[in-house]
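Trainee: I have a model open and some time to go through it. Can we take a few spots one by one?

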Amino acid sequence: MPVITCIEDLRLLAQKRVPRMFYDYVDCGSWTESTYRANADDFQKILLRQRVAVNIDQRSTRSTLIGQSVAMPVALAPTGLTGMQCADGEIKAANAARKFGIPFTLSTMSICSIEDVAAGTGGHPFWFQLYVMRDRGFIERLIDRAKAAGCSALVLTLDLQIVGQRHKDLKNGLSAPPKLTLHNLLNMATKPRWGLGMLGTKRRGFGNVIGHVKGVEDMGSLSAWSAQQFDPTLNWADVEWIKRRWGGKLILKGIQDVEDARLAVASGADALIVSNHGGRQLDGAQSSIGALPAIVDAVGQQIEVHMDGGITRGQDVLKARALGARGTYIGRAFLYGLGAMGEAGVTRALEILHKELDLSMAFCGRTTIDSVDRSILLPTAA
């Protein structure tokens, strides 16, 4: 086993161990992937202000997200097909997050169902991410299932009314479970660890949907249903309806514009996530970290502002926090760990991020994450 020192090490190991269509699903953006790249590249343009001769003996990265105590201001982002990176992947990722002391967010398009994850984590609360479908009855039932499972927050994604084109997914013929073509069989034959895991689980389809929608009993019927279900009519009135139906903590994901941030505040949401869907929707959009400061300045006193996109280092978390993000989310970073080493890989990803966050905070002369602000950045970065 190689020595794992950074998220890039986990990415390279995942690339070796996960079938190509599922690895590429994670490691891609839409069209030219310019926004996907900008999410990470723009973090590197932000420079930290190093301080010395400060007492940094006692440090803490603990904070809160929507009132929930967390070991560091990081949550696992909702990611589709997580259970195709590794068998029972959502359960394994949720358990890693639970043990580390941060939130896990289950995607509507997960492989393991809400009920699977609730049972697999011993009933420990997790967050649930909702996509809005044309079938509002299904959405009502999905919200009720999340309530019954004890989910402590609902994350409503607003930027997937239509699906951006990701060239790699089309070329790979992405499906879950994978179609048993000669090309796919040959590729999977080189991933024995992944294959053995999949043979040992019954969870290979979209557990939140199959069997819960009339006429959707298998992957074939799911494909036909999902192709016409994402709802382009989604609007702020729907957000208010969902908030009433849910009745608990509501986080709105996909905000990139100041005016939309103000509308998010007016909707009564508890938090918003500055996000461009990991560069997987509108290619050519601004990076999340680039959009963050203006949104914080506009609404940061009225609502918790979180962000995701491009975070692969603890320093990225620190920079986002310095620019006003109360919390951050990681998607690819934990998925690389999951594909590489299962639950242990997710834990390793979190350990890497936490150590770098803690050390970088110390080098900037701060001992608590709540004391981090824009003054730890060089003036040109702020």
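Trainee: Which side chain is joined to that of N172 by a polar contact?

Mentor: The side chain of D24, by a polar contact of 3.0 Å. A polar contact is a pair of N or O atoms within 3.5 Å; within protein, one must be able to donate a hydrogen and the other to accept it, and residues adjacent in sequence count only if both atoms are side-chain atoms. Before you go on: this is a predicted model, where local features need pLDDT of at least 70 and side-chain atom pairs count only at pLDDT 80 or more, while totals for chains, interfaces and linings use all residues. Residues are numbered from 1 along each chain as its sequence is written, and side-chain values use heavy atoms, with hydrogens and water left out.

Trainee: Ok. Where does N172 lie, and is N172 buried or exposed?

Mentor: N172 lies in helix α7, residues 167–172. Helices (H or I, at least four residues) and strands (E, at least two) are DSSP runs, numbered from the N terminus. N172 counts as buried, at 15% relative accessibility. Buried means under 20% relative accessible area, exposed over 50%, and partly exposed in between (1.4 Å probe, protein chains only).

Trainee: New topic, α6. What span should α6 have?

Mentor: Helix α6 covers residues 136–148, so its 13 residues at 1.5 Å a residue should span 18 Å. The expected span is 1.5 Å times one less than the number of residues. The end C-alpha atoms of α6 are 18 Å apart, which agrees.

Trainee: Which residues of α6 are buried?

Mentor: F138, I139, L142, I143, R145 and A146. Seen down the axis of α6, they fall within an arc of 160 degrees, so they line one face of the helix. The arc is that of the directions from the helix axis to the C-beta atoms.

Trainee: And what caps the N-terminal end of α6?

Mentor: D135 does, with a side-chain oxygen 3.2 Å from the backbone nitrogen of G137. Just after α6, G150 has a positive phi of about 85 degrees.

Trainee: What about D88, buried or exposed?

Mentor: Buried, with a relative accessible area of 18%. D88 sits in the loop between β3 (74–76) and α4 (89–100), and has a positive phi of about 55 degrees although it is not a glycine.
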